[in-house]
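I opened this notebook to keep track of what I looked up in the model, step by step. The entries follow the order in which I went through the structure.

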Amino acid sequence: MYTDKVMEHFKNPKNMGEIPNADGVGTVGNPVCGDLMTIYIKVKDNRLEDIKFKTFGCGAAIATSSMITELARGKTLEEAMKISRGDVADNLGGLPPIKMHCSNLAADGLHAAIQDYLKKKGANK
Amino acid sequence: MMRRVYMDHAAGKPVDQRVLEAMNPFFSEQCGNPSSLHSWGNNARKAMEDARAKIVSLVGAKRAEEVFFTSGGTESNNLAIKGVAYRNKDKGNHIVTTAIEHMSVMNPCKALMKEGFDVTFVPVDKYGTVDVPSLVKAITDKTTLVSVMYANGEMGTIQPIREIGDITHRKHAFLHVDAVAAVGQIPINVENENIDLMSISSNDMYGPRGVGALYVKTGTRIQPIIQGGGQERGLRSGTENIPSIVGMGKAAEIAQTETKVEANRLTLLRDRLINGLTENIASSFLNGHPTQRLPNNASVRFSYIEGESLILSLDMLGVACSSGSACTSKTLEPSHVLLAIGLRHEEAHGSLLFTLGKQNTEEDVDYVVKALPDIVKRLRAISPLTPKELRP
C-alpha cells in the first residue's frame, strides 16, 4: 500500500520531538479523525533554523510529518510557505489516494507554525 | 529467518488441507451439474447433499431442507433480512437489530429503510452485550424480523441468543442470527437456541471462500432475492458451486469433531495474549466481554496511538492483525462496533484485533507479547497526545 520511501520515514522519522522554546508552533488535525500533528519551528534570519514534529496518526501521517521537516529545514519563510501537500506526497513517491486528504496534513502544520511565528513577532513589535 | 505470526483469522483463514483434498476432484473429473439427469449430475447432486447433511448436523438442524447454500456470509445476511422483510410485508414493516451488526446486516437494513421499512437499532452495554430490556421494548406488533449476531467478530462478545429468541417468538417475529464469526468456533444448536434463520460462512471454519449457507427453519416465511433457474428449492437460483460446497461440507465435518478441543486450546492462548498485553503495557484495555467472548478473539486498545501505525510496526516483525481504526477502513470511519460500546473516536483508533487460529502456538503469543511494548513505546514517543508520565 505504501511506497518504500513512506515506510522508511515511518520506521525512522527525521526530526521527531519537540522544541522547548520554539518560535512558532502549529497544530493541525483532530484525534477524532485519527490524525493530529504538531510542528515546532525555530527561526533565525528569516530561515527555518530548526524544525521538529510530534504526530498521532497512521503511517502516512507520521511519514509526511517527517518529510516536511526535511523539506523545510534551512528554507526561508517565504520558500517554506510555498511547500504544498503535493510536494510532500511527491517526495514520498506518492500516497494512496485515500490518504491524500486525511493524513497529508504536514504542509498545513508547517504553514500554521510559520503563521504562529509571524503573529508572535508582530505582537512583539 | 524472521518469525511469521498470522493472527488475523477473522479477516481470512487458511483452507484446511483435508478440505482441499475433498474439493480437488470436483474441479475437473467430477464436473457435473447437480441439475443434470446423467451420472455426472447424480454424482454432483450426491456430493452436494452429503455436504448439506454435514452442515445440518453441525448446527443441529432437523432437516436437510433447512440449509440453503449461498455465496457467503454477506449473501446469507442479505437474503435473510430482505427475504423475510419482503415476504412478511403483509404483517408489518418493522425490523429490530443491534448497533453492532456486521455491515452485511447494517446496510441491507438501511437499504430497506429507504424503501419505507422501519428499523430499530438496539444499543449494547460497555461489554458489547445487547441490552435485552431495550430489545423487548423495541419489538412491536409490526415487527416481522429480529436480527442479532451470535458473536461479534470485532470484539468477541457472545450474545444471549436463546433468551433473545424466546422474546422474539413470544412477539411472533422471526429471529435471524448472523453466526458467521461463531460457527466452527463454538458449538451452536439452532433448535435449542430458538433460531429461525442463521447465516454461516465457509471460510470462517477453514473452508474455501465464496461459499456459505443460510439455515431457514421450516415454517419461516421468506422469499428469494436472486431470481433464476430455481436452484436451492427456489430460494437461491444459480448453478451450485460444487467444489466449494463440498469443501464447506468437509470443513463443517471437521469443525463438528474438533471445535470443542480447539476452543479450549484457543481460550487459553487468547487469555495469555490478553493478559500479557494489558499487564505489560500501561493504558491498555480489553474491548468486549472478559469471559462471554469468542475463544479466538483478543481485541485490545492502546491509548494515545493509532491502529494503522501499530499494524505496520507489527508487520515489520512478521505479525499480522487488524485494527478498529478509521485509517485502516475504506470509509475512514472508526469501527461502529467500538463506538457502540462507548469508546471515544480516539480510543477506537487505537484498537488492535488479534484473531487466533489453528496454527497459532503459545510461542506465537509470547512473541507478540514481547514485541508490542516496544512498538507502543516508540509510537507514544512520537504522539503529541501521550501524557508526561508515559513519555520515555
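I began with a convention: axes are lines fitted to C-alpha atoms, for helices over the stretch in contact, and angles run from 0 to 180 degrees between N-to-C directions. I also noted that helices (H or I, at least four residues) and strands (E, at least two) are DSSP runs, numbered from the N terminus, and that two residues count as in contact if their C-beta atoms, placed from the backbone, lie within 7 Å.

Provenance. This is a predicted model, in which local features need pLDDT of at least 70 and side-chain atom pairs count only at pLDDT 80 or more, while totals for chains, interfaces and linings use all residues. Residues are numbered from 1 along each chain as its sequence is written, and chains are lettered from A and ligands numbered from 1 in the order in which they are written.

Confidence. I looked up pLDDT, the predictor's confidence in each residue from 0 to 100, and found that chain B averages 96, with 98% of its residues scoring at least 70. For the complex, the predictor gives an ipTM of 0.94 and a pTM of 0.94.

Sheet. I then traced an open sheet of 7 strands in chain B, with mixed pairing and the order β2-β8-β7-β6-β5-β3-β4, where two strands pair if DSSP finds at least two bridges between them. Its edge strands, each pairing on one side only, are β2 (67-70) and β4 (118-122) of chain B. Neighbouring strands of this sheet are turned by 20° against each other on average, direction ignored. Within chain B, β6 (residues 174-178) and β7 (residues 197-201) pair in the parallel sense over 3 bridges, and I noted that B:V177 has B:M198 in β7(B) as its bridge partner.

Domains. Chain B is divided into domain 1 (5-12 + 259-390) and domain 2 (17-255), with bounds that come from an automatic or database domain assignment. Taken over C-alpha atoms, the centres of these two domains of chain B are separated by 29 Å, and their contact takes 23 residues from domain 1 and 24 residues from domain 2.

Chain interface. Finally, I found 17 residues of chain A in contact with 17 residues of chain B. On the side of chain A that touches chain B, β2 (35-44), β3 (47-56), α2 (59-72) and α5 (97-102) of chain A give two or more residues, and the largest share, 3 residues, comes from β3(A).
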